[in-house]
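Here is a short report on a protein model. Look at the chains first, then read on.

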Amino acid sequence: MSELTHIVKQMIQDKKDVVRSIFFGFLAGITAVGLFAANGYLISQAALEPPLYVLIAMVAVVKIGSFIRALSRYAERYYSHRATFTMLSNLRVYFYEKIEQIGPALFQKHRSGDLLSRIVGDVESLQNFFLRVLYPPIVMALVFLSTMIFVSFYSMAIVLCLLVGLLLTAVIIPAWFSKRQKKASSQILEERSRLSIDVAEWFYGFRELTIHQKRKEKEQDLVSSSNRYIKEQEQAGIQSISYQSINMAVSLLVSWLVLAVGAFLVASGELNGLFLAMLVMISFIVFEQLVPMALFPIHYEESERAASRLYSVADNKQLTQARLVKQDQDLNLNEGKAPSVHLKDISFAFVGDSRNTLSDISVSFPAGSKTAIVGPSGSGKSTLLKLILKQYEAKGEIFFGTTPLKQLDQEMLWEKAKVILQENHFFYGTVKDNLLLSDPNLTEDQLQQLLIDVQLPYLKLNDLVLEKGQNLSGGEKQRLAMARALAKKGQLWLLDEPTSSLDSSTEQCLYDLFFNQAKEDTVILVSHRFVGLEKMDQIIVIDQGRLVEVGSYSKLMRSKGYFYQLKQIEDSILQ
Amino acid sequence: MKSLQKLASLERGRYYALYVIAMVLGIVVISQAYLIVTIVDDLFLNKQTFDQIVPLLFVLLGVLILRASLSYLSGKLGVKMAARVKAKYRERLLDAYGNHSLLASAKGQVGSKMSVMLDAVDELDSFFSKYVPQRIITTVVPLMILLVVFSQHVYSGLIILLTAPFIPMFMAIVGNMTQRKSEEKLDSLKAFSGRFLDTIQGLESLKLYGRSKHFKDTIQKSSENFRDTTMGILKVAFTSSLMLEFISMLSIGLVALELGLRLVVFNEITFFTAFFILLLVPEFFNSLKELGSAFHSGRSSSGAAEKIEKELKQEVKGQQWGTRTLVKPVAVKLNNLEYFYESSDFRLLGIQSDLPAIGQVAIVGKSGSGKTTLLNVIAGLLQPTSGDVMVNESKLYEYKEQDWFSQIGYITQHPYLFTGTIAENISLGVSATKEEIEKASNQAGLTELIATLPNGDNTTIGEGGRGLSGGEKQRVALARAFLKKPSVVLFDEPTTGLDLKTEQYLHESIQKLTKTSLVITVAHRVQTIKGADHILLLDQGKLVGEGTHNELLATSEYYRTLFNLQGKEERQ
């Protein structure tokens with residue numbers, strides 16, 4: 001419910017179209033009633049042979065009325081739909097913003113197919129909220145009220161009939177449906193989501209599924225979730241038809257009652273027979289407009305669920321917490337000055353993990369220094385980088401210069417760091433599109449030179465990159481990521497095994513290029529190899545989340561500790 | 001529209017049932033008007049008493065209830081038809097997307113394809129649930145009404161007959177516009193879905209580059225674009241119903257005027273006839289108008305159908321596998337293999353080699369030299385443009401697909417994890433006991449990781465579960481291979497992202513595999529390949545050398561430059 005209120009608020013931002021929809025809806029409704037009334041009256045009057053001018057005047061009124069009706073129906077539809085689709089479009093962007101703020105942590109809770117289904121399907125199903133739930137009752141109430149006032153000039157008994165009919169078709173029956181609807185609550189949205197998840201997984205896991213011969217099985221799953229979804233749609237379809245038919249039957253009954261009561265009144269002389277046709281026609285038209293109210297409960301339920309599903313993604317307090325601090329602390333990340341980074345008593349455990357991934361790490365990265373973090377895989381090296389990037393919140397304190405990381409805005413920090421992760425995402429588009437991520441102002445020549453620098457001379461800027469860079473080899477992706485990082489502004493490099501998929505000669509070229517560029521900058525390089533570490537100012541050795549050794553290459557080799565042993569193992573393998 | 005029409009008429013039983021319903025409905029509509037007119041006429045002009053009309057009132061009641069039930073029945077039939085057709089289409093799409101090679105499945109954005117599978121198929125609904133039932137009703141009911149009107153008063157019938165043809169004519173014009181517009185709409189929805197999914201997958205990179213704001217604009221634009229195309233369609237729909245309204249108003253007005261004049265001025269017809277016709281004419285046009293809006297949604301369905309058909313045609317037919325049974329051991333021969341990518345200039349040219357049935361084969365070369373492509377071709381995931389992968393002296397594709405893939409293990413650089421437990425991810429495709437899974441995860445070096453997890457190997461991983469690091473994902477994929485015990489194991493740079501201890505450990509495990517299987521490794525580290533029985537050296541898509549490590553060292557300058565550098569450094 002509270003989610004729907006939020007959506008109402010979103011709607012009301014665009015008040016004009018809402019008011020227009022209601023106004024034209026009322027106009028269309030009331031002229032339709034007037035039109036039918038006039039027709040009925042006209043034909044009865046004609047039978048009594050009145051003067052011709054009365055007829056002509058009446059015909060003229062009917063003509064004008066029907067033009068007004070057609071035009072205002074058009075206007076009502078136009079404005080109400082425009083209001084609705086503007087709202088949907090705003091909602092999509094709103095949720096994208098929310099999702100964007102939560103960031104990658106989102107995938108610990110939601111699957112991508114699910115997210116897509118929410119932002120497309122659930123938002124789509126909210127379209128009925130305004131069109132079928134919010135404004136039609138208002139319009140209907142207005143039309144009905146006016147009609148009853150008009151009818152009250154002729155017969156209170158018939159007003160009573162209409163009132164009973166209104167209560168039945170617009171209140172009591174929908175309420176009864178609503179009760180039923182809650183019980184047999186439809187699972188359409190959930191089934192759609194399940195299907196969407198299955199389809200996404202089938203596409204993303206296509207290769208693995210093929211090789212492990214699970215594809216047929218997965219396809220079976222997919223088909224059966226498609227069938228369940230269709231079944232739900234079918235049930236919902238039949239249900240709404242049955243609701244509509246029931247309401248139609250009831251409203252026809254009421255019109256019948258109006259006819260019967262009217263007939264009785266005419267027979268008993270309490271009502272002029274001249275008006276009987278008119279009143280019957282009024283009753284038919286006014287209830288015809290009420291039939292859609294049968295679907296009110298279905299649409300209301302659906303909107304409510306769609307809204308709450310949407311907001312459950314966006315309002316994840318735990319996940320957004322990291323983003324709450326936003327202060328304009330720009331002190332140590334000024335252009336042209338490499339930052340220093342200090343870690344003090346850092347401990348970190350993933351949610352739900354019993355063991356710490358990192359324990360009691362205290363270490364400093366002076367401005368302009370080059371540091372390598374080494375250790376076995378799974379020892380927490382990458383996690384350490386992610387803590388510095390403020391992707392997770394750790395116990396202990398991290399400082400940039402003298403500013404605590406807690407006071408720095410994550411986004412600002414990221415804008416100024418040059419980062420290469422183990423897995424770098426590439427977007428569907430051209431090589432150029434993917435390079436321009438770092439700086440949209442680069443010229444074609446600069447970009448081409450960049451490609452040559454990172455040993456990708458054979459790539460053209462307009463070459464197509466498939467989703468997730470699927471048409472690039474691992475090495476090509478790493479070189480493109482390097483190009484992207486080189487082009488970016490910033491004085492802090494955070495590199496997570498940036499060359500692990502490259503052959504040694506290419507690797508060497510890239511390192512030469514990189515050290516040349518990063519002379520003045522602060523560099524933190526994660527590596528599980530010891531090649532080329534001689535050049536580093538300091539080496540930090542981590543094992544099982546604990547700091548084992550810190551020092552320069554020569555110092556560590558001299559002390560013959562853990563690093564020395566690892567180096568021995570590597571040498572023995574390489575020999 | 002024609003193909004959908006054909007599908008609809010395939011549902012013969014429901015189709016005929018709809019015609020029967022329409023005919024009964026026609027009778028009901030006419031009787032309803034007749035009864036109301038009789039009652040009013042009797043009371044108003046014939047001055048009958050209430051008691052005299054009571055029987056008529058009850059007949060009318062029955063007729064009204066029948067009308068509501070008929071509308072329920074025809075609606076229900078339509079919904080059922082729609083359900084059948086949607087299921088069929090979705091299966092055909094799945095077939096088409098699934099039935100082709102790896103490359104085609106990677107083409108285009110996943111989100112866009114999902115949009116076709118979900119949204120475009122859903123869009124078919126209204127053709128069957130709305131258009132078909134309404135069309136049948138509209139072919140039957142107005143005809144019956146027209147007959148009755150003619151029988152009552154020829155001139156009114158003529159007026160209707162003159163104005164009515166404007167309606168289908170107008171509908172045809174509008175219909176074409178709708179179809180085109182609705183294709184546009186689905187296109188922009190497809191584009192939106194594609195962009196959205198791609199964007200959220202790459203959210204981390206975007207934020208790192210401070211570009212998520214820019215992508216927000218892109219999302220906003222494609223979302224607004226979607227809104228505008230939707231409004232475009234709706235505007236056409238609204239205009240068409242406005243026009244229909246005008247035409248029907250004109251016609252009803254003319255009829256009313258003509259009736260009035262004859263009734264008042266010329267005294268040629270009775271009140272009964274005039275009122276009867278006046279009630280029937282709106283029913284006539286209502287039926288046409290409803291067809292108008294149903295036609296509109298029918299058209300946008302056929303826009304969707306066209307989209308789907310296009311997608312079905314576009315997807316290249318996949319490789320047909322044969323019926324031959326594969327027997328172990330498996331000997332692989334590469335017979336003049338060539339592979340051309342459509343999207344780039346890269347080509348794999350004339351690869352010719354005999355691989356041993358058991359042992360380790362390494363594929364080396366600079367990054368971008370075609371190693372992974374060759375591996376995919378050998379795996380049967382990419383179909384060679386020309387030449388053949390020969391398995392036991394027969395072409396690979398003569399074997400049963402199932403036989404081949406049950407003998408293949410493939411460890412990629414970025415294995416995909418399915419949402420499920422670690423155990424499920426390891427046993428993928430193989431029925432295995434808990435002990436077997438434990439053994440496999442031990443061989444792959446996963447035991448330590450599993451021990452730290454709260455639920456052990458029952459911990460959920462993949463999207464919606466615990467995230468794993470790159471090296472951990474690879475080890476899960478390795479465990480899959482150990483469990484499956486295939487004849488051919490393909491490794492794509494197996495030790496990327498692994499530390500030396502683990503690598504050494506794995507090295508031993510891989511050595512174990514080479515005793516019983518053919519292990520083909522793409523590698524760039526000299527230590528991985530030193531022990532290989534056979535090395536294929538690739539440069540720019542060509543095989544430039546093969547042999548053992550020592551042979552290549554002696555004969556190939558390119559090989560030496562590729563690895564010499566590393567050798568020097570390691571000695572420092």
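## Terms and model

Helices (H or I, at least four residues) and strands (E, at least two) are DSSP runs, numbered from the N terminus. This is a predicted model, where local features need pLDDT of at least 70, side-chain atom pairs count only at pLDDT 80 or more, and totals for chains, interfaces and linings use all residues. Residues are numbered from 1 along each chain as its sequence is written, chains are lettered from A and ligands numbered from 1 in the order in which they are written, and side-chain values use heavy atoms, without hydrogens and water.

## Chain B

An unreviewed UniProt entry marks "transmembrane region" at residues 16–40, 52–73, 236–257 and 263–281 of chain B. Such annotations may be inferred rather than shown by experiment; positions follow the numbering used here, and feature names are shortened.

Residues 52–73 of chain B are 100% helix and 0% strand. Their end C-alpha atoms lie 34 Å apart. Residues 263–281 of chain B are 79% helix and 0% strand, with end C-alpha atoms 17 Å apart.

## Chain A

For chain A, UniProt (unreviewed entry) lists "transmembrane region" stretches including residues 21–44 and 273–296. Residues 21–44 of chain A are 100% helix and 0% strand, and the end C-alpha atoms are 35 Å apart. Residues 273–296 of chain A are 58% helix and 0% strand, with 37 Å between the end C-alpha atoms.
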